[in-house]
Amino acid sequence: MPAVHVLNGPNLNLLGKREPAIYGTATLDDIRTELDQRCKARGVDLVFRQSNFEGDLITWIQEAGAARAPVILNPGALTHTSIALYDAIKGAEASVIEVHLSNIHARESFRHHSYVSPAARGIIAGFGPLSYFLALEAVLASI
């Protein structure tokens, strides 16, 4: 079985400190630790990455697509701006589940549009860290 790739975009390294009323108090490392435990219990490898640079995410999506590995992607604010992420997902034929901690549709209007969603298999948003764990269950159920 290929590894599950969990890719995180800009500012997600600030989780736990940045706007806890919106994003909660769990850190990205807390989420990684829990995902790693859940993956190990199911005999699955976890590749967990974060970058503030769009190009890194594009490269990682392409790598996962080439490996036929499923991707859980929280693109952060790039959700609303990046046609390049859309192109990477489509071009690499990556199987992506888009994840957001907050409900982007209940926030500022500029956050309502996602360039990633049309290329993604599905989207899970608004459940805090649970969004990642629900996405992992969806990935594991489809393998």
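**Exercise 1. Start with Glu63: is this residue buried, exposed or partly exposed, and which residue does its side chain meet in a salt bridge?**

*Solution.* Keep in mind that this is a predicted model.
- Step 1: Glu63 has 39% relative accessibility, so it counts as partly exposed.
- Step 2: Now look for its partner. The side chain of Glu63 meets that of Arg49 in a salt bridge, 3.1 Å from N to O.
- Step 3: Arg49 sits in strand β2 and Glu63 in helix α3 (residues 54-66), so the pair ties together parts that are 14 residues apart in sequence.

**Exercise 2. How many salt bridges does a search of the whole structure find? Work through two more of them.**

*Solution.* 
- Step 1: The search turns up six.
- Step 2: Take Lys40. It forms a salt bridge with Asp36, and the closest N and O atoms are 3.3 Å apart. Both residues lie in helix α2, four residues apart, which is about one turn of the helix. Lys40 is exposed, at 60% relative accessibility.
- Step 3: Next, go to Glu137 and Arg42, whose side chains meet in a salt bridge at 3.2 Å, N to O. Glu137 belongs to helix α5 while Arg42 is in the loop between α2 and β2 (46-50), so this pair ties together parts that are 95 residues apart in sequence.
- Step 4: Glu137 is partly exposed at 34% relative accessibility, and Arg42 is partly exposed with a relative accessible area of 46%.

**Exercise 3. Which residues touch the most other members of the largest nonpolar core?**

*Solution.* 
- Step 1: The core has 22 residues, and the ones to pick out are Ile31, Leu35, Ile72 and Tyr132.
- Step 2: See where the core comes from. β1 (4-8), α2 (28-41), β4 (96-100) and α5 (130-141) each supply at least two of its residues. Helix α5 gives the most, with six.
- Step 3: Zoom in on Ile31. Setting aside its neighbours within four places in sequence, Ile31 is in contact with Leu15, Phe48, Leu101, Pro129, Tyr132 and Phe133.

**Exercise 4. Which residues form a nonpolar patch on the surface?**

*Solution.* 
- Step 1: They are Phe127, Leu130 and Leu134, and together they have about 270 Å² of accessible area.
- Step 2: Pick Leu130, which lies in helix α5. At 40% relative accessibility, Leu130 is partly exposed.

**Exercise 5. Is Thr79 buried or exposed, and which backbone oxygen does its side chain reach?**

*Solution.* 
- Step 1: Find Thr79 in the loop between β3 (71-74) and α4.
- Step 2: Its relative accessibility is 0%, and buried means under 20%, so Thr79 counts as buried.
- Step 3: The Thr79 side chain reaches the backbone oxygen of Gly76 at 2.6 Å.
- Step 4: Beyond neighbours within four places in sequence, the contacts of Thr79 include Glu98, His100, His113 and Tyr115.

**Exercise 6. What is the phi of Asn11, and what is that of Glu93?**

*Solution.* 
- Step 1: For Asn11, phi is near 70°, a positive value in a residue other than glycine. Asn11 lies in the loop between β1 and α1 (20-23), and is partly exposed at 33% relative accessibility.
- Step 2: Glu93 isn't a glycine, yet its phi is positive at about 50°. Glu93 is in the loop between α4 (83-92) and β4, and is exposed, with a relative accessible area of 56%.

Note on methods:
Residues numbered from 1 in each chain as written. Predicted model: local features only at pLDDT ≥ 70, side-chain atom pairs only at ≥ 80, totals over all residues. Heavy atoms only, no water. Core = buried A, V, L, I, M, F, W, Y, C linked by side-chain atoms within 4.5 Å. Buried < 20%, exposed > 50% of the residue type's maximum accessible area, 1.4 Å probe, protein only. Contact = heavy atoms within 4.5 Å. Patch = residues over 30% accessible without salt bridge, like charges linked within 9 Å, V, L, I, M, F, W, Y side chains within 5 Å. Areas by Shrake-Rupley, 256 points an atom, 1.4 Å probe, with all protein chains shown as cover. Salt bridge = Lys/Arg side-chain N within 4 Å of Asp/Glu carboxyl O. Polar contact = N/O pair within 3.5 Å; in protein donor to acceptor, adjacent residues only side chain to side chain.
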